[in-house]
Amino acid sequence: MAPAGKALGFFLEANDWFCNAGLPSDITIVIDKVKFHLHKFPLSSRCGKIEKLIEETQNIDQGSRTITLENIPGGPNTFLVIAKFCYGIRVEFTPRNVVIIYCAADYLEMFDNYGDDNLFVRAENYFHKHVLKNWKDCMVALQSCENVMSQADDLQIVNKCLNAIAMMACTDPSLFGWPMMMYGRLQSPNGSILWNGINTGARIRSLESEWWFEDISYLSVPLFERLVKTMEARGLRPEKLTGAIMYYTRKHLHGLGRWQGGQNIKIKSIASFSMKPAIVDQRVLLETIVKLLPEKKGKSFCRFLLGLLRVALILGVNDNCQDSLERKIGMQLEYATLDGLLIPTYSDSDTLYNSDCVERIINHFLACEEKVTVLSPRSIVSEVSPSSVPLRKVSKLVDNYMGEVASDVNLKPEKIKSLAEILPDSARSLNDGLYRALDVYFKAHPWLPENDKEQLCNIINYQKLSIEACAHASQNNHLPLRVVLQVLFFEQLQLRSALANVADDENAHTGPLSIMPSGGTGTAGNIVQRDGWVTIVRENHVMRVNMERLRARVVELEEEFNRMREEMKRVSRTQSSIESSWFLSRTFGKCKLLLDSSNVEEDVVASTGPATPRGSIDRPRPSHHSKQR
């Protein structure tokens, strides 16, 4: 008992705790070098463990006994709360301290046989009646279990918290009216935000099923792993589970956001204000997350996996984790993008990009496609393979990838060849992308021997080159001469085939699609390829007809020009003869005037030619009209 007029309490001197009960201490409890100078009766009447230790040391020392308690949950701070309870001081439970007190009471055996309404029963009742029925309190209590995990597991505290959280996460919160969002109870019945009880009119953004993502992101990796497994066992939808895992990973895995399109939306809730940020080991997190990820496909999920793979290569995770990531990416490689596959080399390799990793991913994809083909009905496989669409997408992706990595001067010919040959020939309807990749590789490696170039060019199916690719290859100086001749040969074959098809079409009056038999292997690809050649032949035919018409028009213009030139020559000759006649008549006229002035008579000889204007004046000729008169 405390002295009269003075409340019972505890005080600290240096590293020792004392109780002002007014009686000298007869027992000393040592916990982590902190001494509690207390009394035997209050402790032994409530704590079964201390009573047993006192009985064991009773014959050793008759004076003040010293008892050392090791591994007590919560350490000296928790024992101070327990000591106060033993001395009759009221203990206030909170979601943060109830788990530790619960475990410490179990450790000290503070059961009902050592006093009614003992501490263990009180902590147990508070935990079940208040903590497990409230989302915020349950999250805070679960996080506090990390300090006393072994004792909390023994008392099933962790499992009870996990089950309660999983149940509430799987249930629609609107059915219970839980204040899950950021503003909690600061929300009016119509959903607007209240400030000092005044309706502000602002609405809270609803995030539907994502309201709990931020809260569980405060948990440590082991607790988060156990919670995800508990939610999965309770039947939480896979898309919600995947969203929670992606949210947790993006928050704690540094460097992942660099390869992700969007950032996490900060979803603040009441529990997150009361919880402490988790300290996460990056490598342990990544290896744990990979094991938790479900089998899912999608563009955003594939991009997320590729980002995880980059970080995994940087952190140097174990082989099982890396192989699992590559397998998950291979299962949905058709959703990948070129920038996602361009994974840099983080080791001591000379190449810029990790082509070995990409090659393994492609092998995983082909293995999955084989399983799909085997499990598909024969009738479907015979007409259109269900894996043809993903395979075609992956073939374009691989060709584009080779076109990007081909510029690396350290890339070996064997690697570019293995990447080109990894897909079956049926995966490519056209080999233009393959040709482009080799063209880039030859330009970046001008020192490559002709034999190596020919071996690489043997990968190309020249019958699957488009018209543009054939035209480019026939003039490509980087290709071996034999390859250029091969391209020209196949180009001639395609032209002959196209000419024959055009002739058949004109005779049958059918479209270009009738040139191929129905139901043949590779029909669609062959129709597309031959259609291109048929189109170019038709265009050449139209051009030839137009040239013939133009040539005929040119001949007509030339003839017209010749006629005009002859007419101009005739007009020019007529004009020159008229000018000469006028000159002669003028000259003879002057001579006649000279003869008349000298009185010389001269016989006039009648001219048989046409009369000049001057002659008509000297000797007028009788007109036709005068004869008629």
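Biologist: What makes α3 roughly perpendicular to α4?

Modeller: In this predicted model, the axes of helix α3 (residues 75-86) and α4 cross at roughly 70° and come within 10 Å. Angles of 65 to 115 degrees count as roughly perpendicular, and therefore α3 is described as roughly perpendicular to α4. On the α3 side the contact is made by Thr78, Val81 and Ile82, and on the α4 side by Ile100, Ile101, Ala104 and Ala105. By class, these residues divide into six nonpolar, one polar and no charged.

Biologist: Why is α21 called roughly antiparallel to α22?

Modeller: Helix α21 (residues 432-444) packs with helix α22 (residues 450-457) at an angle of about 165°, their axes being 11 Å apart. Since angles over 145 degrees count as roughly antiparallel, α21 is taken as roughly antiparallel to α22. The contact joins Leu438, Tyr441 and Phe442 of α21 to Lys453, Leu456 and Cys457 of α22, a set with five nonpolar, no polar and one charged residues.

Biologist: Which hand does the crossing of α21 and α22 have?

Modeller: The crossing of α21 and α22 is right-handed.

Biologist: How do you know that α13 is largely enclosed by the rest of the structure?

Modeller: Eight of the eleven residues of α13 are buried, and so the helix is described as largely enclosed. Those buried residues are Gln282, Leu285, Leu286, Glu287, Thr288, Ile289, Val290 and Leu292, and what covers them includes α10, α11, α14 (299-315) and α15 (319-330).

Biologist: How does the reach of α10 sit against the expected value?

Modeller: Helix α10 (residues 221-233) has 13 residues and reaches 18 Å from its first C-alpha to its last, which is close to the 18 Å expected at 1.5 Å a residue. Buried in α10 are Val221, Leu223, Phe224, Glu225, Leu227, Val228, Thr230 and Met231, and these buried residues pack against α6 (135-144), α7 (149-154), α8 (157-170), α9 (213-216), α11 (238-252) and α13 (282-292). Just after α10, Gly235 takes a positive phi of about 90°.

Biologist: What makes Glu109 partly exposed?

Modeller: Glu109, found in the loop between α4 (98-107) and α5 (119-131), has 22% relative accessibility. Phi of Glu109 is near 60°, a positive value in a residue other than glycine.

Biologist: How do you know whether Ala473 is buried or exposed?

Modeller: Ala473, which lies in helix α23 (residues 467-474), has 1% relative accessibility and therefore counts as buried, the cut-off being under 20%. Leaving aside residues up to four places away in sequence, Ala473 touches Tyr435, Leu479, Val484 and Val487.

Biologist: What separates the C-alpha atoms of Ala473 and Asp439?

Modeller: Although Ala473 and Asp439 are 34 residues apart along the chain, their C-alpha atoms are separated by 9.0 Å.

Technical notes
Residues are numbered from 1 along each chain as its sequence is written. This is a predicted model: local features need pLDDT of at least 70, side-chain atom pairs count only at pLDDT 80 or more; totals for chains, interfaces and linings use all residues. Side-chain values use heavy atoms; hydrogens and water are left out. Axes are lines fitted to C-alpha atoms, for helices over the stretch in contact, and angles run from 0 to 180 degrees between N-to-C directions. Helices (H or I, at least four residues) and strands (E, at least two) are DSSP runs, numbered from the N terminus. Angles under 35 degrees count as roughly parallel, over 145 as roughly antiparallel, 65 to 115 as roughly perpendicular and the rest as oblique. A crossing is left-handed if the near helix is turned anticlockwise from the far one by less than a right angle, and right-handed if clockwise. Contact means heavy atoms within 4.5 Å. Ala, Val, Leu, Ile, Met, Phe, Trp, Tyr, Cys and Pro count as nonpolar, Asp, Glu, Lys and Arg as charged, and the others, Gly among them, as polar. The expected span of a helix is 1.5 Å times one less than its number of residues. Buried means under 20% relative accessible area, exposed over 50%, partly exposed in between (1.4 Å probe, protein chains only).
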